[in-house]
Amino acid sequence: MNKTAQSVWDNCLSFIKDNIQDQAYKTWFEPIKAVELTDNALYIQVPSKFFYEWLEEHYVKLLKVALTKELGASAKLLYKIKMEHTYGNKLPFTEQLPSVSRPQVKPQEVDVPIQNKNPELKNPFIIPGIRNVKIESQLNSNYSFDNFLEGESNRLARSAGMAVANKPGGTSFNPLLFFGGVGLGKTHLAHAIGVEIKEKHPEKTVLYISAEVFTQQYIDSVKKNTRNDFIHFYQLIDVLIIDDVQFLSGKAGTQDVFFHIFNYLHQNGKQVILTSDKAPVDMQDIEQRLLSRFKWGLSAEIQQPDYDTRIAILKNILYRDGVEMPDEIVEYVAKNIKTNVRELEGAIISLIAQSSFNKREVTTELAKQVVEKFVKNVKREVSIDYIQKVVSDYFQLDIETLQSKTRKRDVVQARQLAMFFAKKFTKASLANIGSQIGDRDHATVLHACKTVDNLVATDKQFKKYVDDIHKKLSL
């Protein structure tokens, strides 16, 4: 009788059923379908990548024994993952992955001619001079999963973060990149993963660092001629968390060294976690080879919290601080502050302070006063795109004309003003500003800023342009 995929799998299931509990069998083996049998390879279909990872982690030895009994020592197991619900794709599609059950690679022994044998032959994988290096994690233990409230806006990011915390370096979420606007909880979530890993895997070396500090450390290492030590240090880390990775934009040297560190960590099963204010596809002046690596794992967006999530956040803060407040006050704050979590927290803390320090009852009127003052004083984050829109609207141009190569005086001045305000209101590098405003270089941006400064001092009408646009951007 010829073997079929179904007959082989049925025999495997009989063996597996005898060796695990009924509930585990129903959960992890009944949903599997046998798809194809070619030579000594059995293809099975599983419903998700998580399902595949769970089988590989918990049942791969059992599967291997069952399959070897059926197909012999050369048996292979391959998974077909059927993705039912995918963004922008209503039809299911399949992804194929092999079982990764392999013995560990053993160390190789190399014979060295006896006359050249040096008893102090250096192993390049042993870092000279390093004995017991103490590495501070830089983690803030106040940022935990317990006080990071889940909602529609952050569910994917939080769930992926929990998966990574449980198994750092062992999931398909490597690197794990969180992106979204200011004050939505990216840094909080990054710290929470690190804190959770330290609790569950105390042997892991975890390091949190901002991209700005990382860049400064690299510059210092170049000045002191210790670049290799800098690289070696970061290769010691098991879980590397880099905040605001968009700060690497335009910094070719830092990107190059991070590329090598990233490759080493990823290839050695270490976990990399990144945060950014924009998705990889929208990052400017980041090398393509680095961007492609950012896309290897999972990029999870954190969006502005919805109304229910904002209510839950406020109630959590009140509970944490032991403060009681009427529901209508909480609802008023949640309805009027929608932009981000940081502003929401600031408003409710300001309200608690006003009430306690001034011995005033918390009323809707007091809430209105605090929220109005707070919202008015919140400085909005201004993007280069927004600056270009404001300048274009002011001069009644379209953005395409502003970014074009035309040398008409009015367009050139508008373009120079956009560059001037981009330098004033954003942290973007000159190269980044130039690339976003008509694909110019950093020298053009520098020249534009000097020209605007000169014209403000000598031309009253031009100074009025600058003052008017400045007011619009400062609203």
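Guide: The side chains of Arg155 and Glu150 form a salt bridge, with 2.7 Å from N to O. A salt bridge is defined here as a side-chain nitrogen of Lys or Arg within 4 Å of a carboxyl oxygen of Asp or Glu. This is a predicted model, in which local features need pLDDT of at least 70 and side-chain atom pairs count only at pLDDT 80 or more, while totals for chains, interfaces and linings use all residues. Residues are numbered from 1 along each chain as its sequence is written, and side-chain values use heavy atoms, with hydrogens and water left out.

Both partners of this pair are partly exposed: Arg155 has a relative accessible area of 34%, and Glu150 has one of 39%. The scale calls a residue buried under 20% relative accessible area, exposed over 50%, and partly exposed in between, using a 1.4 Å probe and protein chains only.

A second salt bridge joins the side chains of Lys270 and Asp238, at 2.8 Å from N to O. This pair links distant parts of the chain, 32 residues apart: Lys270 is in the loop between α9 (252–267) and β8 (271–276), and Asp238 is in the loop between α8 (227–235) and β7 (239–243). Helices (H or I, at least four residues) and strands (E, at least two) are DSSP runs, numbered from the N terminus. Asp238 counts as buried, because its relative accessibility is 14%.

A further salt bridge connects the side chains of Asp468 and Lys464, at 2.8 Å from N to O. Here both residues belong to helix α20 (residues 460–474), where they are four residues apart, about one turn of the helix. Asp468 counts as buried, because its relative accessibility is 19%, whereas Lys464, at 44%, counts as partly exposed.

Salt bridges may also share partners, and in this way Glu150, Glu152, Arg155 and Arg158 are joined into one network. In total, the structure holds 13 salt bridges.
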